[in-house]
Amino acid sequence: MSERLLDIQKLSVTFGGLNALSDLDFHVDKGEIVSVIGPNGAGKTTFFNMISGMVTPTSGDILFKGESLLGLDPNQVTARGIARTFQNVRLFANMTILENVMVSQHCRTKQGIIGALFQTGGFKREEQEIREHGEKVLGFFGSRLVGYRLHQPASVLSYANRRRLEIARAMATMPEIILLDEPVAGMNPKESEELTGLIGKLRSEWGFTIVMIEHDMGVVRDVSDRVVVLDHGETIAQGSYDEVSTNPQVIEAYLGRPAEEAS
Amino acid sequence: MRHKAAPRTGVDWFLTFLRVLLSALVTFGLLAFIWQQIDPGNPLADAINPDATRLSWDAFQGLVISGLSQGAMYGLIALGYSMVYGVLGFINFAHGEVFMVGAMTGMITSNKLFEAGVWEDNFLVAILVAVLISIICSTLTAVVMERVAYRPLRGSPRLIPLITSIGVSFFIQNTSAVLLGPGAKSYPRLPDWLRDDVGIGPFDIEGKKLLVLVVAAISMGALWYLVERTKTGKAMRAVAEDKEIASLMGIDVDRTIVTTFAVGGAMAGVAGILWGILFGSVTEFTGFLPGIKAFSAAVVGGIGNLGGAMAGGLTLGSSESLAPQLVLEPLGVTGHTQLKDAVAFLVLIFVLLVKPTGLFGERLSAEDRA
Amino acid sequence: MSETMNPTSEMAPARGALDQDWRKVVNWGLILALALIFVSLTDMPEKLDKRIIVEPLLSMGYLSLVWIPIALGNIVTREVVLEGMTQHKKGARELVAGLVVGAIGGLGLALLIWLLDTRDLSDPLVNWNDALLEVLTFGEGVGYGVLFWILVSAGLGAIGGAIHLLPKLATRLLLAISLTIVLAAALESALDDISEGFRLEWLFEALFEKKGGLSVQGAIILAVFATAWVLFLGGQASKGKAIVQAKREETPVAVNAIGLTLIAAGAILLPMFLGRLTNDLLTNVGLFLLLALGLNIVVGLAGILDLGYVAFFAVGGYTAAIMTSPSSPGLSPALPWWVAIFIVVFMAIVAGLFIGAPVIRMRGDYLAIVTLGFGEIIRLTVRSDWASGFTGGAQGILSIPGADIFGVVTVKGTDPQQVLYLVMAFVAIAIYVSWRLENSRIGRAWMAVREDESVAEAMGINTVNSKLQAFVVGAILASFSGAIFAAKVGSVFESSFKILVSIVILVIVIVGGMGRIAGVAAGALVLVGILGGPNQPGLLAEFSEFKLLIYGALLIWMMLKRPEGLIPNVRRSRELHQEEFLQDAWLKGQADDDDDGEATNGKVAPA
């Protein structure tokens, strides 16, 4: 019996008269990979922003392991166990690759000024652990982000590697759920295929639960247990990829109605 | 933008405490003041400050008029800060020095005119010439500043032009000190009719303060006309709204930005010579404090908002003038007038704590909206 | 322009001498004229004339004029080469451009000389007097002056342009020689002290003239030395450095220990050989360095522009004063200094939190102004009658006894050597603190907050706490400086804590390079040591009038050219030159390309 990790109830948010989300219901069980799809403007990234605490909903509730996330700061949400990536990759460009994944462990570590100043055993141990965990997380992507790369600034990375580092960073926060915001956007087919496999491994090898926003239907089909379709801030369909992709409402949301029927 | 419903962290509690404390102090001070006016010698007043006297109507309206006239000047300077922030998104720290340039050149011109006898014989002509030259010089300063120090930095993170503007401010201040000599320099004596009081309604306004208010009002009017009714003004508003789109609409963004600086500079120049007339002297540091206060006024009124800038200026000027007597003294603060400058900063902090977008709301460009 | 970007295309032949962008040349000529007139009107040529660089050839006064045509002559002929453009060989064209620019500038100066002779503008220009005319015409009359400057300026401009024609090595040589000579002349009194201390008076006399300035033979000796350095020793030095680096990787503990011992030994021995004045000067440098290191943490690491930083300096100074002075009004426990330090730290933490909390959520630029306001509020309050029961108001607090260190020794302001040791000890602490914190979880959090605050939050960092921590650490370091300052001077007055101080510290941090400790130290040494601090003269006391002007110009120049300071932190450099850095990395083959991954050979294992 899977634990219900994330339970979102009747979530609504209004921006200056526009209902970005209306009475959204959504849930994720532990170990699932759920994709959230929908046409542009459907409110998907707003949805992520609300889970991670960057936007406050006007009504509704977000429950994580039974406790409400409402009113929490983003860093508190991350500490609870929800990590995210960003649609437009936002790395700490001038910190090294290793530092990017080291700093993401901030909420899991505790050494402070005293430890740093006096170089206590606890401090050194923790630094070692942080470093090792960082390298382990980077190693998930093969040899791309390791070796001499570790100490290069993140800004030298190619686009695909930047997206990978984004994910590594989220992984480093030791979450239970990772929210992936368009992980393969801008990648070529070969890279997307590879990343799809890695997303699967995120669950099978590392035990993360994944919620993913994606437009690439190939990736959605290959990797999701369940697909949720949003349009105009509402859930219009839910189910397996096959069920959802043949749902007439979904097709209409993406493609619109044929011209003769429009009137 | 997240908005905290209730205080949760230590910092939040502390900030709420601060807001409550400041509001309470102000209210308490005002109430104590009013009580003292109605019933001097009441026990509270005696306990706090047995020497305090009632504020006479003359003294009170004197404070109000002083406050308004200083506030009007702050408002004129604030316009420059507001416009530049609205268009380019950074604080032009050196704008206070543009104001100082206006005051300095006003001093030079008026002294020369005095030597030539024009100042005394035909004051109106003299003052007009002096104002004109002040405006030209301060506008020139602002335009050169933009071209040399800020244009190359277009697009940088906003702290960088701020730091540059600190350098520019420093440079101009010390240029004045080195070229013209340090220390205070005086304006020539004003004609008698400016130093007498003019009666308007219940108020007896000192001539020069009335002059300040009138000139400020005319300048605001001219600015309003420029911004709302002319093509240039429309271009300024468009660029302030969204530079990229404005350029796609065919507006020469660079030129419009120069115009914005120029107009702001002109306003500051007017304020400068008015300041010189009002206070009679100017030093290389004259621009510093009023500059910061004017920026505070712009924030108080809502940054980017021109009407707000003037309103903020008047508010700040009046608060600065009245608070020592109306709030600080009843609270028992001795030497209250020394803390006048501190009041301006406290008002800024208070507004930022309570309503950070200012009294009338911000107007920022698309790029700078947080 | 990156040196690695060698255009593979051949260089086009040099353009004709008269093939000029005349508009650009005339523009720069006018700018030169304005600059020369401006510098003359500030009276720098006259006031700085007493400082001789090479007797009898060049004084600092004339240097202040002479460098400008060379610099502008060089700038006007700079060619910005981007990929795809053809680069032209340099030739007569550059010389002519420099010449014309110089000539126009010289004409401007000539105009000034003529006006000085015929008109009186001493109201309002205070430096408009005969003394200035004398200096500009060398006392030989207007005709001479006019001719001299037009020709000399043109010549210097041509030289500036000619620099482009020289091979890189020659340029480096010229730069090294000029720098060595000017630096030696500037540091004359310090070198005098040092040579006395180390019994090297003979060397000093060989280089310098009795009445001041380098002798011609001294200049030649230094030039030879500089040449030798660039050609031979410099290479050896970098080889040596590489060897030390390698050793460091092998046995870090041993190498670091040796290095530290050497530095410590040097630090302890040096003040014994330096005279009183130099020690006093170094103390000032040290106090400002301490302040700058603190601000470096706030601005350089965490990215918070605190313009009211002097407030913490004041808190440290006044707390120490109140706690230690027997004549402090109100509270007067007259504690020994070392005990008072704990209270100082406590007050600094309180002040840091009190000022930090309201501002921590504000936009960066608002934060700057509000902290400025706080600094002023504190100064005004301390000065007011209202608080004078505690703080002495405008009269300040007097009779602060020296710094009593554990009852063993009392460091008094009258013994500059002792004070210098005290300052050095605290500077060492500050350097240690900065270094350790930068390479720790806290430091990384600060850098992340500086990079992208909302993403930092999403990564689990409590940005409010993080920023407050930076604030508090910075406050503590500043308060140390304040406490030492109070003990050294023996009294505190609010006039020592003006906004000017905050800004000078900011200039040091920025000019020296935000985030890099060595840079900040260099900045403090050069700016406060040589030109002078806000209230204190530096080694070159004659710059007192001009130092603030120079600081302002420096700040503007730094922001336009290299926002990261003279000795940049590699990290910050990347931030602001990202484009260039990426290009360099790409060219060196270190940039990333996607065919790199050995992880999956293109095959994907399904989930």
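## Starting from one pair of residues

In chain A, A:D181 stands opposite A:I213, a residue of strand 8. This is a predicted model, and that facing pair is a handy place to begin a walk through it.

A:D181 belongs to strand 7 of chain A, where it is buried on one side together with A:I177 and A:L179. How many of the residues of strand 7 are buried? Five of the five are, over residues 177-181, and the strand is therefore largely enclosed by the rest of the structure.

## The neighbours of strand 7

Let us look to either side of this strand. Strand 6 of chain A, residues 82-84, runs parallel to strand 7, and three bridges join them. Here A:A83 stands opposite A:I178. Strand 8 of chain A, residues 209-213, also pairs with strand 7 in the parallel sense, this time over five bridges. A:I178 stands opposite A:I210 in strand 8.

## The six-stranded sheet of chain A

Now step back to see where these strands sit. They are part of an open sheet of six strands in chain A, with the order 6-7-8-3-9-10 and mixed pairing. Its edge strands are strand 6 and strand 10 (234-239), each of which pairs on one side only. From one strand to the next, the twist averages 20°.

Helix 1 of chain A packs on this sheet and touches strand 3 (33-37), strand 6, strand 7, strand 8 and strand 9 (226-231). The direction of helix 1 makes about 150° with that of strand 7.

## The four-stranded sheet of chain A

Chain A also has an open sheet of four strands, in the order 2-1-4-5, with antiparallel pairing. Strand 2 (18-29) and strand 5 (67-68) are the edge strands, each pairing on one side only. Within the sheet, strand 1 (residues 4-15) and strand 4 (residues 59-64) pair in the antiparallel sense over five bridges. If you want to find this pairing in the structure, look for A:D7, whose bridge partner in strand 4 is A:L63.

Helix 1, residues 44-51, packs on this sheet as well, touching strand 1, strand 2 and strand 4 of chain A. Its direction makes about 65° with that of strand 2.

## A glycine in a loop

A:G31 lies in the loop between strand 2 and strand 3 of chain A. Is A:G31 buried or partly exposed? It has 16 C-beta neighbours inside 10 Å, so it counts as partly exposed.

Which residues does A:G31 touch, leaving aside its neighbours within four places in sequence? They are A:S2, A:R203 and A:T209. The C-alpha atoms of A:G31 and A:R4 are separated by 9.7 Å, although these residues are 27 apart along the chain.

## Two helices in chain B

Helix 13 of chain B has 14 residues and reaches 20 Å from its first C-alpha to its last, close to the 20 Å expected at 1.5 Å a residue. Twelve of its 14 residues are buried, so helix 13 is largely enclosed by the rest of the structure. Among those buried residues are B:P290, B:F295 and B:V300. They pack against helix 3 (57-88), helix 4 (95-115), helix 14 and helix 15 of chain B, together with helix 15 of chain C. Just after helix 13, B:G302 takes a positive phi of about 110°.

Helix 15 of chain B, residues 340-354, has 15 residues and reaches 21 Å, close to the 21 Å expected. Its buried residues include B:F345, B:L348 and B:V351. Their cover includes helix 13 (288-301) and helix 14 (306-328) of chain B, as well as helix 15 (364-383) of chain C.

## Chain C and a pair of helices

The secondary structure of chain C comes to 25 helices and four strands. Of its 607 residues, 48% are buried. Among contacts in chain C with a separation of 6 or more, 76% join residues 24 or more positions apart.

For a closer look, take helix 17 (residues 416-438) and helix 20 (residues 463-489) of chain C, whose axes come within 11 Å and cross at roughly 180°. That makes the two helices roughly antiparallel. Residues in the contact include C:L422 and C:F426 of helix 17 and C:L477 and C:F480 of helix 20.

How values were computed: Residues are numbered from 1 along each chain as its sequence is written. Chains are lettered from A and ligands numbered from 1 in the order in which they are written. This is a predicted model: local features need pLDDT of at least 70, side-chain atom pairs count only at pLDDT 80 or more; totals for chains, interfaces and linings use all residues. A residue is buried if 20 or more other C-beta atoms lie within 10 Å of its own, exposed if 12 or fewer, and partly exposed in between; C-beta atoms are placed from the backbone. Two strands pair if DSSP finds at least two bridges between them. The expected span of a helix is 1.5 Å times one less than its number of residues. Two residues are in contact if their C-beta atoms, placed from the backbone, lie within 7 Å. Axes are lines fitted to C-alpha atoms, for helices over the stretch in contact, and angles run from 0 to 180 degrees between N-to-C directions. Angles under 35 degrees count as roughly parallel, over 145 as roughly antiparallel, 65 to 115 as roughly perpendicular and the rest as oblique.
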